[in-house]
Amino acid sequence: MRMLVVDDNDFNLDVAEGIFNSVGMQVVLASNGAQAIELLRQSQFDCVLMDVQMPVMDGLQATRIIRADSQLAHNCVIGFTANAGGEDRTKCLAAGMNAVATKPIEPESLFALVVKLTTAALRKNLTTAALQPALSEELAVWDADALTRIVGAQPATHERLLKKFLSTANGQITALTEAATFGDWLVVSEQAHKLKSAAKAVGAMRLEASCKAIEEACLAGNIAPCLAMAARLVQDFSQAQDKILLAFKL
Amino acid sequence: MKNAVLTIADKSVFLIDDDPFIQDVMTEQLNFLGVKNVLHASNGRQALQMLSELPSAPDLVVCDVYMPVMDGMEFLTALAAQGYTGGVLLASGADALMREISATIAVESGLNLRGSYAKPLTNQQIEDALLAPSSAPSSAPFSAPSKG
């Protein structure tokens, strides 16, 4: 794993280098956005950790250039800021960063983020057949037998679990649509990830497929279709919900 | 399978998943299979704490990969370091690549991995993991089926 860390503060660079080296990652350092772009043109990196405010060229400008350059656009860029408040975060995401991390570095959550984003990028390179919305038409809106296969034919248990699913899922759908409106695609992918397994367990197969598709697209930085995918996901949930409510006369 | 079900009733299972709904579904599922002794934790750190306080180690640990506080991979390494010899079953919403990476970490740490699958687990996957010989080396197949 090869990281490019971009920051104008030497102390921050030292800390980042130490942390990534400690888990066997290679680290290359740059002190502004222009240097980072030059390094990205010269060799391949798995992930870029990019400070926002820097002299010469700041992280937002550098990210816009990376996204606009077909040779560089595939790079995974994590913004790195002390002001993780809404505004900074929104600016980073709008500039095309995949995610935003907060200073000071919290090693565990940063590793988790790097691993998550880089495996998504790797998978994107492995397969381009990830997004096939047409296929989901053949899937069940709600397969009433799915729960029977795992917890047996126990109507009372089914009803209890399905009610719990609907109430949890409604909260996740709200969080997901809100994050989609703000362009916070990492939060969208996290909500879709949680909803995905629950949807599969209760037999909402079309919803599961929608969750999976949007999670993969968000993590791979393929943002263009995500708003439409979020709308589709909401529709799949609402149809599954109607069927469940009808079946249990809820 | 009658004998198998009888044997399963004596087994203890420790579930680690941050999603309360999945915890609930899997507990019902284990009860349906006849497992009465089910404990759960929401993350790796909480699980390690609870495991250290148990009078005897569970027969099977069922573990998610992505969790807050301490994720599955860090937990597996710590679990191996504690000398846990029971079975380990990975159940995750992560994609096949991440499931395989986690499985490799489990095996290389010396854990007795019984499988690495997409959530939710099927009853067959759970039964197989529960009934695998406890002394089995970690040679159980861990590649996920093509359709989780």
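## Briefing: chains A and B and their interface

Of the 250 residues of chain A, 49% count as buried (buried is under 20% relative accessible area, exposed over 50%, partly exposed in between, with a 1.4 Å probe and protein chains only). Chain B has 148 residues, and 54% of them are buried. This is a predicted model, in which local features need pLDDT of at least 70, side-chain atom pairs count only at pLDDT 80 or more, and totals for chains, interfaces and linings use all residues. Residues are numbered from 1 along each chain as its sequence is written, chains are lettered from A and ligands numbered from 1 in the order written, and side-chain values use heavy atoms, with hydrogens and water left out.

**Chain A**

- Chain A holds eleven helices and five strands (DSSP runs numbered from the N terminus: helices are H or I with at least four residues, strands are E with at least two).
- Among contacts in chain A with a separation of 6 or more, 64% join residues 24 or more positions apart (contact means heavy atoms within 4.5 Å).
- Chain A exposes about 11500 Å², with 55% supplied by carbon and sulfur atoms (Shrake-Rupley method, 1.4 Å probe; for residues, only the protein chains shown count as cover).

**Chain B**

- Six helices and five strands make up the secondary structure of chain B.
- Along the sequence, the pattern of chain B reads α-β-α-β-α-β-α-β-α-β-α.
- In chain B, 77% of the contacts with a separation of 6 or more are between residues 24 or more positions apart.
- The accessible surface of chain B is about 6400 Å², and carbon and sulfur atoms hold 56% of it.

**Interface of chain B and chain A**

- On the chain B side, 26 residues are in contact with 24 residues of chain A.
- The two chains bury about 2200 Å² between them, and carbon and sulfur atoms give 61% of that area (buried area is the accessible area, 1.4 Å probe, that two parts lose on being put together, summed over both).
- Three salt bridges are counted between the chains (a side-chain nitrogen of Lys or Arg within 4 Å of a carboxyl oxygen of Asp or Glu).
- One salt bridge pairs B:Asp24 with A:Arg160, with the closest N and O atoms 2.7 Å apart.
- Helix H2 (20–33) and helix H5 (96–108) of chain B are the elements that give two or more residues to the side touching chain A.
- H2(B) gives the most to that side, with eight residues.
- The residues of this side divide into 14 nonpolar, four polar and eight charged (Ala, Val, Leu, Ile, Met, Phe, Trp, Tyr, Cys and Pro count as nonpolar, Asp, Glu, Lys and Arg as charged, and the others, Gly among them, as polar).

**A:Asp69**

- A:Asp69 sits in the loop between helix H3 (59–68) and strand E4 (77–81) of chain A.
- A:Asp69 counts as buried because its relative accessibility is 16%.
- Its side chain reaches the backbone nitrogen of A:Gln71 at 2.8 Å.

**A:Asp236**

- Helix H11 (residues 226–247) of chain A contains A:Asp236.
- A:Asp236 has a relative accessible area of 2%, so it is buried.
- Neighbours within four places in sequence aside, A:Asp236 is in contact with A:Arg206, A:Leu207 and A:Ser210.
- A:Leu207 is 29 residues from A:Asp236 in sequence, yet their C-alpha atoms are 5.1 Å apart.
- The side chains of A:Asp236 and A:Ser210 make a polar contact at 2.4 Å.

How values were computed
Polar contact = N/O pair within 3.5 Å; in protein donor to acceptor, adjacent residues only side chain to side chain.
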